[in-house]
Amino acid sequence: MSIERMEAPQLLSRNRFNVDEEEPHIVLDREICKKCIEKPCLYVCPAVLYKLDQNGEISFDYAGCLECGTCRVMCKTQGIVRWEYPRGSFGVSFRYG
Amino acid sequence: MSEEEKFDVIIIGAGPAGSSCAYTLAREGKSVLMIERGDTPGSKNVTGGRFYTYALEMLDSGLYEEAALERKVTHEQIMLLSGDRSISIDYHEPGFNTGGEAPMSYTILRANFDEWLAEKAEEMGAMLACGIRVEELIERDGKIVGVRAGEDEMYADVVVAADGVNSFMAQKAGLIKDIEAHTVGVGVKEVIELPARTIEERFNLKEGEGAARMILGCTEGIHGGGFLYTNQDSISLGCVFMPAKAAERGKTIHEIFQDFKMHPSIHPLLQGGLTVEYGAHLVSEAGYRGIPRKIYREGFLMVGDAAGFVINTGYSIRGIDLAMLSGIAAARAIIDAENTAEVGPQYLKELDEIKIIPAMKAADGFFDVLETPGLYDKMPNLANDVFNNLFTVDGGVPGSIKKDVMRLIKENGLSMWQLIKFGLKGVKSL
């Protein structure tokens, strides 16, 4: 094995997830996010789940969420309209922690 | 409400605070239900991490001998990075692991430790329900009397919020607002598997002994720092960032962390290893001044991270031990109080008695020290520049070291006065 720089999806693939396909635990209001200038979520999410699409708008996937809460804490414009922990037994399961 | 749904105590979260509370209560014959949202206790938790053993000794003497712990820390290390350079300090004290006595601290992985501790609480008679997310608190006549999870309602004399740094339960109880960005750090971590022998050789360790390393200068000037802990068969390498500063930097914390992992002084320690997990978690950074004004109301207590019980001095970080202590304090208060109205005030007394509050008060000044401008880039850079000056031999006539150092202080955008002020601030807070 060699230790290399890893992209976020590659790192996340090492984790165990049980994604709740029915109920996203984080929900954005894209209209609010459109107006947000700073977009701190792009930089502070450890899993880099917040990205800009071709139109310069936020695209987000809750599937690889590590449930840290940093995006919620940093979201000043309240574009994150819902941030809950995933329903019981869903989400990330750390095997080491 | 039927009898079988009513407990003496319901604890939300089966981390170190929740399980210590449950263990102590169940040992005294109280009926206790722990509710954990993860599939197993610890599966939602991340630490650096290290654990100070005295807390387990306080829970039950000798318990540490069978605990799910990694390595006994005998090497305390500090590292200052700048560009591709580094300075390392290794303080080795074999006495931190004296035979026959509890070693002072261990490296730790939370999925193992938390699951083990919850099992111990179960052995004492506590009930554990996993895979359940508590959604609401049930309030009656101004008191918290139970919890709701989906369709289920469960009742208790006291509900203990041991739900961690993002304490939604404390928010629902109206005791705190949502977290303010400048009071927390976000930690990211890779767990990298390596054979035990390789780890021992690379870190100059005896079998079963370990190293704990704090690293300054790996965050591109962002308030924060790196850490490295040697586990039995793996290394925990991570970085903590103040998120507000990270957002201003305009580079993802993931990228900064990957740069740090590839640093020429870090990378060789990991070489040949396999990354088996990538975790992240918030950590309270505000210390004593971050403890909420009220950490109880009738029928409701906050323990562990939920109550902000973390001490960060920059060179050591304590959270798990304080969590356990606060769980024990909460349990003692519940056992001693005559009625639910007495529990909260009694809990405050127990927290004082068990020394959490005095210890946090004593470390309060570190918050200001860690806010010092230049601490995360200019100062580690200056230290490396000074070493470069000492060790450079190129056949020229060496200048006066004093003059060179003064020049380097200036070149790093610092002044002698700033450094003296920093020193004084440090001395004052100790």
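Let's start where two helices touch: B:Pro16, B:Ser19, B:Ala22, B:Tyr23 and B:Ala26 of H1(B) meet B:Asp114, B:Leu117, B:Ala118, B:Lys120 and B:Ala121 of H3(B), a contact being two C-beta atoms, placed from the backbone, within 7 Å. Sorted by class, this contact has seven nonpolar, one polar and two charged residues; Ala, Val, Leu, Ile, Met, Phe, Trp, Tyr, Cys and Pro count as nonpolar, Asp, Glu, Lys and Arg as charged, and the others, Gly among them, as polar.

A quick word on the source: this is a predicted model, where local features need pLDDT of at least 70 and side-chain atom pairs pLDDT 80 or more, while totals for chains, interfaces and linings use all residues. Residues are numbered from 1 along each chain as its sequence is written, and chains are lettered from A and ligands numbered from 1 in the order written.

Back to the pair. The axes of H1 (residues 16-27) and H3 (residues 110-123) of chain B come within 8 Å and cross at roughly 15 degrees, the axes being lines fitted to C-alpha atoms over the stretch in contact, with angles from 0 to 180 degrees between N-to-C directions. That makes H1(B) roughly parallel to H3(B), a label for angles under 35 degrees.

Now zoom out. Chain B holds 15 helices and 19 strands, which are DSSP runs (H or I, at least four residues; E, at least two) numbered from the N terminus. Its C-alpha trace spans about 90 × 45 × 40 Å along the principal axes. Of the 430 residues in chain B, 52% are buried, that is, with 20 or more other C-beta atoms, placed from the backbone, within 10 Å of their own.

Terms used. Buried ≥ 20, exposed ≤ 12 C-beta atoms within 10 Å, placed from the backbone. Parallel < 35°, antiparallel > 145°, perpendicular 65-115°, else oblique.
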